[in-house]
Amino acid sequence: MQAVLAGNIEAFDKLMSRYEGMIEAQSRKAFLNSDEAEDFQQEVFLKAYESLSLFRGEAQFSTWLYQIARFQLIRHWKRKKVDMTTWDKELEETTADLSAIEISVSLEKEEDHKLLKKLIAKLPLMYRKPILLHYFENKPLKEISNSLNIKLGTIKSNISRGKDLIRKWWIDETK
């Protein structure tokens, strides 16, 4: 740690190598798109590098890094807040000005959006409700746990299982 703080980039590379699997697993759970997952991983390690001087050693480094990843995910989803009701309207307004290539890309995104909505609707309620509350209404997990009167661990598990189902169905639908 001290070597990294002293400016030794190779020491930070070793830290990244040691923990990249943990961050990669977290990003794969959060993103269907591998490019987004890779971008997220880079954001996490960049944020960790920038914040390394704040690491007090009160917790393990992996715990500290995991928290950075968690907060980066929250920030990412808040920036990309999806408003399911206005998305189609915005798409209609913007497609009039797009070139043929942009229209094609826009249509693919619209199809992806419709597929995601369809797959979420297909989820059992015990998975669907926490996913919608957390990712589309930006509710913290603890708040979801309290409002649904379900243990926090169960909420986390249901979200993870729901995302796994969506990922599996997505792959099946896009083959």
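This is a predicted model: local features need pLDDT of at least 70, side-chain atom pairs count only at pLDDT 80 or more; totals for chains, interfaces and linings use all residues.
Helix H4 gives the second largest pocket the largest share of its lining, 6 residues.

The pocket holds about 710 Å³ of space. Its lining counts 23 residues, and those closest to the centre are Arg70, Leu73, His134, Tyr135 and Leu141. H4 spans 61–79. Other helices that each supply at least two lining residues are H2 (9–30), H7 (125–136), H8 (141–148) and H9 (152–173).

Leaving aside neighbours within four places in sequence, its contacts are Phe45, Phe61, Ser62 and Leu65. Tyrosine 66 lies 47 residues away from tyrosine 19 in sequence. In space, the two C-alpha atoms are 9.4 Å apart.

Now step back to the whole protein. Its secondary structure comprises 9 helices and 0 strands. From the N terminus on, the order of elements reads α-α-α-α-α-α-α-α-α. Of the 175 residues, 31% are buried. Take the contacts with a separation of 6 or more: residues 24 or more positions apart account for 63% of them. The accessible surface comes to about 11,600 Å². Carbon and sulfur atoms contribute 52% of that surface.

Definitions and conventions. Residues are numbered from 1 along each chain as its sequence is written. Side-chain values use heavy atoms; hydrogens and water are left out. On a 1 Å grid over the protein atoms alone, a cavity is a set of points where a 1.4 Å probe fits but cannot get out, and a pocket is an open set with protein on both sides within 12 Å along at least five of seven lines; lining residues have an atom within 4 Å of a point. Grid points are joined across faces, edges and corners, and a volume is the space filled by probe spheres set on the points. Helices (H or I, at least four residues) and strands (E, at least two) are DSSP runs, numbered from the N terminus. Contact means heavy atoms within 4.5 Å. Buried means under 20% relative accessible area, exposed over 50%, partly exposed in between (1.4 Å probe, protein chains only). Accessible areas come from the Shrake-Rupley method with a 1.4 Å probe; for residues, only the protein chains shown count as cover.
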